[in-house]
Amino acid sequence: MDRDILIQYTDMQAEIKDLQLRIEKTKDKINKLSPVTDSVTGTRSDGTIGSISITGFPEPEYYRKKSLLKNYENKLGIKETELLELTIKVEEYIESIDKSELRMIFRMYFLDNLSYIQVAHRMNQMHPKRKKEYTDENIRKRIQRFFENVPQCPVLK
């Protein structure tokens with residue numbers, strides 16, 4: 001197993017966020033649908049000729065959006081299941097790392113989706129007596145060096 005599992009995991013997280021955003025936008029569009037009114041010229045039922053106002057709900061558009069919403073929700077369910085399975089693989093990969101410090105950094109960066117700065121801040125909180133503080137650059141370099149030393153892995157950029 002190599003770093004590809006980590007890349008796939010972060011890509012899957014982004015895809016799920018995208019689907020959640022699409023679901024919210026579609027729900028908003030459905031909620032904003034309202035009856036439409038149009039006027040036509042014609043003869044009324046009482047025989048008078050003139051302008052007639054017609055009001056109705058845009059059912060075809062409503063059902064298309066409902067169908068789209070259902071499709072997004074189904075995809076989201078599938079992707080969330082895949083993400084759970086991938087999470088197990090990522091956790092196994094991280095557990096295979098020898099150094100405890102790196103395992104903590106990897107968990108925060110990849111599983112918790114924290115930035116380099118946030119990881120450095122958390123590591124500093126966990127190790128308050130450490131002589132040299134963690135920095136975002138320090139965290140980035142540690143991850144990069146790890147992948148440089150793993151055979152058959154391109155360098156993390």
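**Figure 1. Salt bridge between Glu82 and Lys79 in the predicted model.** Glu82 pairs with Lys79 in a salt bridge (a side-chain nitrogen of Lys or Arg within 4 Å of a carboxyl oxygen of Asp or Glu), with 3.6 Å between the closest N and O atoms. Both residues belong to helix 2, three residues apart, about one turn of the helix; helices (H or I, at least four residues) and strands (E, at least two) are DSSP runs, numbered from the N terminus. Glu82 is partly exposed at 31% relative accessibility, where buried means under 20% relative accessible area, exposed over 50% and partly exposed in between (1.4 Å probe, protein chains only). Salt bridges with shared partners join Glu15, Lys79 and Glu82 into one network. The model is predicted: local features need pLDDT of at least 70, side-chain atom pairs count only at pLDDT 80 or more, and totals for chains, interfaces and linings use all residues. Residues are numbered from 1 along each chain as its sequence is written, and side-chain values use heavy atoms, with hydrogens and water left out.

**Figure 2. Salt bridge between Glu15 and Lys79.** The closest N and O atoms of Glu15 and Lys79 are 3.8 Å apart in this salt bridge. Glu15 lies in helix 1 (residues 4-32) and Lys79 in helix 2 (residues 59-95), so the pair ties together parts that are 64 residues apart in sequence. Glu15 has a relative accessible area of 34% and is partly exposed.

**Figure 3. Salt bridge between Asp18 and Arg22.** In this salt bridge, the closest N and O atoms of Asp18 and Arg22 are 2.9 Å apart. The two residues both lie in helix 1, four residues apart, about one turn of the helix. Asp18 is partly exposed at 33% relative accessibility, and Arg22 is also partly exposed, with a relative accessible area of 38%. A search of the whole structure finds seven salt bridges.

**Figure 4. Aromatic cluster.** Ring pairs link Phe106, Tyr109, Phe110, Tyr116, Phe146 and Phe147 into a cluster. Rings of Phe, Tyr and Trp (its six-membered ring) pair if their centres lie within 6.5 Å; planes under 30 degrees apart count as stacked, over 60 as edge-to-face and the rest as tilted. The count by this rule is eight aromatic pairs. The ring centres of Tyr109 and Tyr116 are 4.8 Å apart and their planes lie at 0°, so this pair is stacked. For Phe146 and Phe147, the centres are 5.3 Å apart and the planes are at 75°, so the pair is edge-to-face. Phe146 and Phe147 are both buried, and Tyr116 counts as buried at 18% relative accessibility.

**Figure 5. Arg130 over the ring of Tyr134.** Arg130 lies over the face of Tyr134, at 3.9 Å from the ring centre. A charge sits over a ring if NZ of Lys or CZ of Arg is within 6 Å of the ring centre and within 35 degrees of the ring normal.

**Figure 6. Backbone at Asn113.** Asn113 occupies the loop between helix 3 (100-111) and helix 4 (116-126). Although Asn113 is not a glycine, its phi is positive, at about 60°. Asn113 has a relative accessible area of 39% and is partly exposed.
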